[in-house]
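This briefing goes through one protein chain, topic by topic. Please look over the sequence and the fold before reading on.

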Amino acid sequence: MAAHMTVPSDAQLIKAQADLQRHSLTYLTSMALRCAIELGIPTAIHRLGGTASLADLMAALSLPPPKAPFLSRVLRLLAKSDALSCTEDGVYSLTPLSYILVDGVLIDGEARQIAFPLAVTSRYHMESGLGLADWFKNDRALPVPSPFEHVHAAAPFDESMTLLDPETDKLFYEALAAHDHMGIGTVVRECRGLFNGLESLTDCCGGDGTTARAIVKAFPHIKCNVLDLPKVIEKVPSDGVVNYVAGDLFHTVPPAQAVMLKLVLHFWSDEDCIKILAQCKKAIPSREMGGKVIIIDIVLGSSLETITETELLMDMLMFICTRGRQRDEKEWSTIFTKAGFSNYKIVKKLGHRGVIEVYP
């Protein structure tokens with residue numbers, strides 16, 4: 001027997017309509033943030049000494065005076081979403097969110113963050129989201145392509161994307177670097193015990209070596225390898241600080257006392273993660289000799305004992321653009337066991353990311 005739905009009260013109907021409108025229009029917050037980046041609003045406020053009125057911004061950005069009322073409405077939404085701060089007198093200042101969007105500002109020497117919001121609000125991501133219903137209706141046998149591949153016949157971080165749109169492909173790689181490198185300084189400062197006793201480490205998918213260099217700077221005795229695809233390594237100048245290795249982590253991982261996978265595994269299916277971890281296990285010594293795999297990735301549901309909206313949105317991003325996913329602790333544990341590891345420990349939680357040691 002079908003469950004009987006109680007007719008909502010007038011108050012509930014009014015709230016439901018407001019909630020429907022909010023959910024339907026939330027994308028405009030992302031568009032407002034993108035607009036602010038493209039106009040250079042965070043950078044303008046920074047260059048004006050950290051505070052700016054509407055008139056200050058109009059002049060600094062050289063915008064036509066008739067557009068002032070419209071810019072005010074964009075700024076109001078950004079202030080409501082904590083992208084900016086605004087006083088009762090209409091003076092705007094930067095928040096931590098907008099500070100990391102200032103042109104030229106690097107956090108611990110890490111990549112600029114503006115590439116990430118620009119990439120995920122690109123027309124390619126928007127069109128992939130619009131194609132979700134068609135993707136679900138498609139009856140292709142597993143493994144099915146991601147919704148992004150289904151719509152564009154190309155995949156991010158693949159040669160197909162380079163051929164489709166070289167400029168956007170470059171933006172995607174800049175966004176990946178911003179996504180990957182943000183926070184390594186915090187990890188080094190907050191999780192120093194993670195690196196105690198280590199003599200060598202291989203950073204898988206380490207790109208230009210930003211993460212490895214940060215580790216060597218804090219722990220000069222650790223010899224670091226950076227493993228990435230040949231097309232990535234060939235563009236990185238040798239710096240004498242870390243050892244760059246061109247290769248594929250599915251086939252071999254340079255031997256080291258520890259292997260790091262920082263924001264790597266969420267791009268891959270469970271089956272592929274098990275293959276990657278099996279290669280990592282081959283590259284490290286026994287636990288008694290200090291062997292371990294260090295994983296930095298989202299752990300669903302471990303923030304304040306609830307799954308945060310950011311975690312779920314990042315999971316949707318993986319769903320739409322890759323064949324990977326975000327995982328909760330139980331799902332991580334299952335993968336570790338299937339890859340042949342004996343135990344693991346969540347060392348620390350930094351925001352929605354977990355720092356995990358996995359032992360052979």
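Two strands count as paired if DSSP finds at least two bridges between them. Helices (H or I, at least four residues) and strands (E, at least two) are DSSP runs, numbered from the N terminus. The model is predicted: local features need pLDDT of at least 70 and side-chain atom pairs count only at pLDDT 80 or more, while totals for chains, interfaces and linings use all residues. Residues are numbered from 1 along each chain as its sequence is written, and side-chain values use heavy atoms, with hydrogens and water left out.

**Hairpin β10–β11**

- Strands β10 (residues 343–350) and β11 (residues 353–359) run antiparallel and are joined by seven bridges.
- The two strands form a hairpin with two residues between them.
- Glycine 351, in the turn, has a positive phi of about 65 degrees.
- Leucine 350 stands opposite arginine 353 of β11.

- Over residues 23–102 the chain is 59% helix and 12% strand, with 29 Å between the end C-alpha atoms.
- Three strands make an open sheet in the order β1-β3-β2, with antiparallel pairing.
- β1 (51–53) and β2 (84–86) are the edge strands, each pairing on one side only.
- On average, neighbouring strands of this sheet are turned by 30 degrees against each other, direction ignored.
- Helix α5 (residues 68–80) packs on the sheet and touches β2 and β3 (contact means heavy atoms within 4.5 Å).
- The direction of α5 makes about 105 degrees with that of β2; axes are lines fitted to C-alpha atoms, for helices over the stretch in contact, and angles run from 0 to 180 degrees between N-to-C directions.
- β1 pairs with β3 (residues 91–94) in the antiparallel sense over three bridges, and serine 53 has valine 91 of β3 as its bridge partner.

- A nonpolar core is a set of buried Ala, Val, Leu, Ile, Met, Phe, Trp, Tyr and Cys residues joined through side-chain atoms within 4.5 Å.
- Buried means under 20% relative accessible area, exposed over 50% and partly exposed in between, with a 1.4 Å probe and protein chains only.
- The largest core has 25 residues, of which Phe148, Met161 and Phe172 touch the most other members.
- Elements giving two or more residues to this core are α7 (115–120), α9 (132–137), α12, β8 (292–300) and α17.
- Helix α17 supplies the largest share, six residues.
- In α14 (residues 210–218), Thr210, Thr211, Ala212, Ile215 and Val216 are buried.
- These buried residues pack against elements including α12 (166–181), β4 (200–204) and β5 (223–228).

- Glutamate 311 lies in α17 (residues 309–321) and counts as buried because its relative accessibility is 0%.
- The side chain of glutamate 311 reaches the backbone nitrogen of glycine 301 at 3.1 Å.
- Aspartate 328 belongs to strand β9 (residues 327–328) and counts as partly exposed because its relative accessibility is 29%.
- The side chain of aspartate 328 reaches the backbone nitrogen of lysine 330 at 3.2 Å; a polar contact is a pair of N or O atoms within 3.5 Å, where within protein one must be able to donate a hydrogen and the other to accept it, and residues adjacent in sequence count only if both atoms are side-chain atoms.
- Leaving aside neighbours within four places in sequence, aspartate 328 is in contact with Val299 and Leu300.
- Aspartate 328 and valine 299 are 29 residues apart in sequence, with 5.0 Å between their C-alpha atoms.
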